[in-house]
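Work through the exercises below with the sequence and the model open. Each task is followed by a solution in steps.

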Amino acid sequence: MQKQASLRKKLLSWLIPLLLLLILVDSSILFMLAIDKLEDELDADLFASAKDISKFLTNYGNAPNDILLLENASHVFLKDEIDKILYSITDNKQGHLLSGNKTLQTAQPVALDDEDDYDERDVSHYYYNTDIGGENFRVVHAVFNIQNAQGKQSVTIKIAGTQKWRKTLINSILVGIVVPQLLLALLSFLIIWYGIKKGLAPLDALQDAVSQRSEQDLSPIKLPNIPQEVSLVANSVNQLMEKLQHLIAAQNRFVADAAHQLRTPLAGAQAQLELAEQATEPSAIKALLPRAYQSLDKLLHTINQLLVLARSQPEAAATVNMIKLDLNKLTKEIALEIAPAALKKQIDLGFEPSLVPALILGNVDRLNDLLNNLIDNSIRYTQAGGKITVALDVSEKRVNLTVEDNGPGVSDVEKGKIFDRFHRVLDNQQGANEQAGSGLGLAIVKEIASLHGASISVADSTLESGTASTKLTKPSERGLKVTLRFKRLTT
């Protein structure tokens, strides 16, 4: 038997990957937002340094002594303990370097950012990355229009800084985001695992309640305080157990009835054989043997009927081969086969086929058993000289099979019982006759009809009571009409 994955594992296998994916997306978004904010702040610091230099030039000018003072002051306001800071000041009109690093002045961008336009009308700037002396620098390129003692002047100020501190902060942010997210994932996993465990606890209780029962205990399962979904499963199990109880009870009754039915002819045959054994005259022995044979024939008939009934149980439906067939042809063949038994009792057995093919989906062997038992039952309970009509009628959706006789019929109370196993109608002469059937004929008809999805109805016959040679005078002799309705195949 293949081992099935538990529901707990399936739920975890569905939820955990989705949770990890959610945390991964969430972490990525947080990291990108944090990095963007960090980049903006660090870039703003570079631009602030460029503005400080522009203010110095505005306040003091760009004469040689002023530039020397600026170079000395730059060691103070451009000092950084981690990153190396470079600057350059270029006169835009003449294009020569006023102060700072010449390499930075001519350095070309490696990665140029989108230009940012600020509200200040005298300022335009942008940021980019570049390599100087084998190191990667972040550069702000800013143009300032300044007014000082030397007059109005346009200068380009570049401030560049290495990215060691920037990378350190990025790594710190990454750790600061990833570690809490991992802890959140672990905590979420524990919460999900605990929630699933508590949620599936009623199923575990139901499993224990079922697995710990013996095969004899089919009483309802009682689990207090269970959720609706588990309650539905428990109710389904209880309904199944109730059906099993009825099935087992029916099987027990069937076995008991079958044992009784088989015991009677066996006891009769045994008694006849014992009498024959004690008899001394050959004529006496010869007279006893037919009765023994008769009991054995009845036993054989009952056994055959039991086998047919067993083959027609609902659980046999999966193994029954259904084919498309014409019920006209099959019914005619069975009627011809059983006609000698009707002639022996001087019964007028007639067959009326439908005007169009009576096509149904059925099993030939099972339908043979159905027709044999249905017509045979009618012959057994119809008086000598009576009449039986087997007719087929086809409607738009149904094929109706009717077996109608003008025999003694059954009372309204008996109509609800004649399809029960081992039930015989005892208020007529045939019921008390030794040649009566096993009480399984109509039960077989019912099972086979159910196997084919056909419905059965019973009514009083509309045939005349008796024939020209035999008239029935008892008011109770009203005949019986059994109708089976099959689903019609149109193609």
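The exercises go from the whole chain to single residues.

The model is predicted, so local features need pLDDT of at least 70 and side-chain atom pairs count only at pLDDT 80 or more, while totals for chains, interfaces and linings use all residues. Residues are numbered from 1 along each chain as its sequence is written, and side-chain values use heavy atoms, with hydrogens and water left out.

**Exercise 1. The whole chain**

Task: State how many helices and strands the protein chain has, and what share of its residues is buried.

Solution. Helices (H or I, at least four residues) and strands (E, at least two) are DSSP runs, numbered from the N terminus. The protein chain has 11 helices and 13 strands. Buried means under 20% relative accessible area, exposed over 50%, and partly exposed in between (1.4 Å probe, protein chains only). Of the 491 residues in the protein chain, 38% are buried. Next take contacts, meaning heavy atoms within 4.5 Å. Among contacts in the protein chain with a separation of 6 or more, 69% are between residues 24 or more positions apart.

**Exercise 2. Aromatic pairs**

Task: Find the aromatic pairs and say whether each is stacked, edge-to-face or tilted.

Solution. Rings of Phe, Tyr and Trp (its six-membered ring) pair if their centres lie within 6.5 Å; planes under 30 degrees apart count as stacked, over 60 as edge-to-face and the rest as tilted. By this rule there are 2 aromatic pairs. The ring centres of Phe 47 and Phe 144 are 6.3 Å apart and the planes meet at 15°, so this pair is stacked. Phe 47 sits in helix 1 (residues 7-60) and Phe 144 in strand 5 (residues 135-148), so the pair links parts of the chain 97 residues apart. Both Phe 47 and Phe 144 are buried.

The other pair is Tyr 126 with Tyr 128, at 6.0 Å centre to centre and 35° between the planes, which is tilted. Tyr 126 is partly exposed, with a relative accessible area of 25%, whereas Tyr 128 is buried at 1%.

**Exercise 3. The largest nonpolar core**

Solution. A nonpolar core is a set of buried Ala, Val, Leu, Ile, Met, Phe, Trp, Tyr and Cys residues joined through side-chain atoms within 4.5 Å. The largest one has 36 residues, and those with the most contacts inside it include Leu 327, Val 399 and Phe 486.

Now look at Val 399. Leaving aside neighbours within four places in sequence, Val 399 has contacts that include Leu 327, Ile 360, Leu 392, Leu 484 and Phe 486.

**Exercise 4. Two single residues**

Task: Decide for Thr 382 and Trp 193 whether each is buried, partly exposed or exposed.

Solution. Thr 382 is found in the loop between helix 8 and strand 10. Thr 382 is buried, with a relative accessible area of 1%. A polar atom of the Thr 382 side chain lies 2.5 Å from the backbone oxygen of Ser 378. Not counting residues up to four places away in sequence, Thr 382 touches residues including Lys 345, Lys 387, Asp 405 and Pro 408.

Trp 193 has its place in helix 4 (residues 164-211). Trp 193 is partly exposed, at a relative accessible area of 36%. Beyond four places in sequence, Trp 193 touches Arg 8 and Leu 12. The C-alpha atoms of Trp 193 and Leu 11 are separated by 9.2 Å, although these residues are 182 apart along the chain.

Key:
Polar contact = N/O pair within 3.5 Å; in protein donor to acceptor, adjacent residues only side chain to side chain.
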